[in-house]
Amino acid sequence: MGISAVVSFYAGDIHKVFAQSAKANGGKVHLIWLPMAGDSGCTISMLQASSPDLIGAVEDLQVSADFWQPLMTPDYDLGWVSAGYTTEDRSQVPLMNAAFGNAPVDVLVVEGTPQIGAPPGGSAGDYCTIGERNGKSVNAYELLQRLAAKASYVVAVGQCSAFGGIPAAKGNLTHAVPVTEALKTAGVTTKNPVINLAGCPAHPDWTLVTLASVLQGFAPDLDELGRPKAFFSHIIHDGCPRRGAYGKGQFAQTFDDPVGCFWKLGCKGPITQSACSVTKWNNGISFCTQAGPMCWGCMHPNFPDPPTSPFFAQVELIPAYFGLNADTVAEIAGIGVAAAVGVHAVHHALAKKKREQTETSERRRDVKGDSQ
Ligand code: SF4
């Protein structure tokens, strides 16, 4: 079963997916959640997972989350307490056992950006250290290399680990890079391709479904950027409730406009691929452009650098192909000319044509089959 089938469960009964994972693994699965440069936002996002919630998922999957620092308290046992680790001040022990000892690592989840630069007088990766070993601090870059080489699957959760995110934005004094680049620089090969779950933060349900899939031993179909196609094939703009306003050239002047399109205010929905407008967030309730603010492009591989910034400037790239700006689009919309100008519109026309051609040839095949 591929990720598409897993996703079909997602809408109805995700518990079936997790139950299958546990059965397929026949026991505990050992997971390390490695923090690097970031703000733990993806961990907080995971705590908002709703169907199932995080504890339910860990139980159903029979996962032992041997190291997940922000959540490692005796009251919040995600496997590490039952694995025999007893007090919070020893929380680095399971991490060191996994990286330097014989403790197994089935899945390595990386949250945050690896910083591979060397500070003055230091070594590569010394900008970020986690815990101590033999009385010395251990740099996170070394932990990443050891754990990634050992794990069956590496999942880069969130924009920082998948694409560098804010720590790798222009300036970047610590030489922060995506997980894939950090591993490539170190010459580390992984057993399976690194899975990139973009987003600031990563979507908790997409993360759980992806983990459920790899824990069953099924690597999801990935696009050329290493993202599961199931969650990163859509253009946010296409499913936006304000798409009709965009088509009519009705552009909001302020963010409290209940119906107008936010393009002129800087919305990055037309250039951002993700299933936000399909699965939505917070138990399927809403997503950015539906809830009020615009899309910031937090899942765009360049976020927060251009073309996702400046944040409050309209994306000129798209109409610029036609020598138009948003005002001109509004004008021509007013006189009945197709307002959906832009690369995405052309893309749509081509996709539609292709779809029609496919449907026509399928119909021809059906007719031929019927007549035989
Ligand atoms: Fe929605 Fe933004 Fe597209 Fe407007 S530009 S339709 S607000 S995604």
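The legends below describe close-up views of a predicted model.

View 1. The secondary structure of the protein chain comes to 16 helices and seven strands, and 48% of its 372 residues count as buried. Among the contacts in the protein chain that have a separation of 6 or more, 70% are accounted for by residues 24 or more positions apart.

**View 2. The residues around the ligand.** The shell around the ligand is made up of H237, C240, R242, R243, Y246, C261, F262, W263, C267, G269 and P270.

**View 3. The packing of helix α6 with helix α8.** Two packed helices are described by the angle between their axes and the distance between the axes. For α6 and α8 (residues 179–186), the angle is about 85° and the axes are 10 Å apart; the two helices are therefore roughly perpendicular to each other. On the α6 side, the residues that take part are Y141, L144, Q145 and A148, and these meet V179, A182, L183, T185 and A186 of α8. The residues of this contact divide into seven nonpolar and two polar, with no charged residue among them.

**View 4. Helix α4 and the residue that follows it.** Helix α4 spans residues 54–61, and its buried residues are L54, G56, A57, V58 and L61. Just after α4 comes Q62, a residue that takes a positive phi of about 55°.

View 5. C160 lies in helix α7, which runs over residues 159–163, and C160 is buried, with a relative accessible area of 17%. Although C160 and M36 are 124 residues apart along the chain, their C-alpha atoms are separated by 8.8 Å. Once its neighbours within four places in sequence are left aside, C160 is in contact with A37, G112, T113, G165, I166, P167 and P178.

View 6. With a disulfide taken as a pair of cysteine sulfur atoms within 2.5 Å, the count comes to zero disulfides. For C160, the closest cysteine sulfur is that of C200, at 5.9 Å, which is too far for a bond. The sulfur of C42 likewise has C200 as the residue holding its closest cysteine sulfur, here at 6.9 Å, and this distance too is too far for a bond. C42 is itself buried, with a relative accessible area of 8%.

**View 7. P228 in the loop between α9 and α10.** P228 is placed in the loop that lies between α9 (204–215) and α10 (229–232), and with a relative accessibility of 0% this proline counts as buried. From P228 to W206 the distance is 9.3 Å, C-alpha to C-alpha, while in sequence the two are 22 residues apart. Leaving aside neighbours within four places in sequence, the residues in contact with P228 are I195, N196, L197, T210, P220, D221 and L222.

How values were computed: Residues are numbered from 1 along each chain as its sequence is written. This is a predicted model: local features need pLDDT of at least 70, side-chain atom pairs count only at pLDDT 80 or more; totals for chains, interfaces and linings use all residues. Side-chain values use heavy atoms; hydrogens and water are left out. A residue is near a molecule or strand if one of its heavy atoms lies within 4 Å of it. Buried means under 20% relative accessible area, exposed over 50%, partly exposed in between (1.4 Å probe, protein chains only). Axes are lines fitted to C-alpha atoms, for helices over the stretch in contact, and angles run from 0 to 180 degrees between N-to-C directions. Helices (H or I, at least four residues) and strands (E, at least two) are DSSP runs, numbered from the N terminus. Angles under 35 degrees count as roughly parallel, over 145 as roughly antiparallel, 65 to 115 as roughly perpendicular and the rest as oblique. Contact means heavy atoms within 4.5 Å. Ala, Val, Leu, Ile, Met, Phe, Trp, Tyr, Cys and Pro count as nonpolar, Asp, Glu, Lys and Arg as charged, and the others, Gly among them, as polar.
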